[in-house]
Amino acid sequence: MKVILLGYNSEKIVSIMSDPNCEKLSIFDESDHFRPYFEKLHSIYGDRVTFYEGDIECNIYAFLKRRTDESFVIKR
């Protein structure tokens, strides 16, 4: 399962990443305040987690356009 999380939420991230079926988590958040927290997550989960900062609508549109052959679960 590949998951898109809209907005940075530590509790949801831990819950999603604890699911053994989650192979990839992509987090989209408008703020850049979470970069230090993401870096800690990346040290734990490695390439299973990715963080996109900036305008969510633009970033997610570009993200999904490049990945038309993949299916994702979107969480808020």
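## Strand pairing

Two strands count as paired if DSSP finds at least two bridges between them. In this predicted model, strand E1 covers residues 2-6 and strand E2 covers residues 24-29. Five bridges join E1 to E2. The two strands run parallel. Within this pairing, Leu-5 has Ile-27 in E2 as its bridge partner.

Helix H1, residues 10-18, lies on the path of the chain from E1 to E2. This β-α-β crossover is right-handed.

## Order of elements

The protein chain holds four strands and three helices. Read from the N terminus, the order is β-α-β-α-β-α-β.

## Overall dimensions

How does the radius of gyration of the protein chain agree with that of a compact globule, and what are the values? The chain has 76 residues, so a compact globule would have a radius of gyration near 11 Å. The protein chain has 12 Å, which agrees. The C-alpha trace spans about 30 × 30 × 20 Å along its principal axes.

## Burial, contacts and surface

Of the 76 residues in the protein chain, 32% are buried. The cut-off for buried is under 20% relative accessible area.

Contacts were also sorted by sequence separation. Among those between residues at least 6 apart, 51% join residues at least 24 apart.

The protein chain exposes about 5,000 Å². Carbon and sulfur atoms supply 50% of that area.

Definitions and conventions: Residues are numbered from 1 along each chain as its sequence is written. This is a predicted model: local features need pLDDT of at least 70, side-chain atom pairs count only at pLDDT 80 or more; totals for chains, interfaces and linings use all residues. Side-chain values use heavy atoms; hydrogens and water are left out. A crossover is right-handed if, with the strands pointing away from the viewer, the path from the first strand over the helix to the second runs clockwise. The radius of gyration is taken over C-alpha atoms; the globule rule is 2.2 Å times the number of residues to the power 0.38. Buried means under 20% relative accessible area, exposed over 50%, partly exposed in between (1.4 Å probe, protein chains only). Contact means heavy atoms within 4.5 Å. Accessible areas come from the Shrake-Rupley method with a 1.4 Å probe; for residues, only the protein chains shown count as cover.
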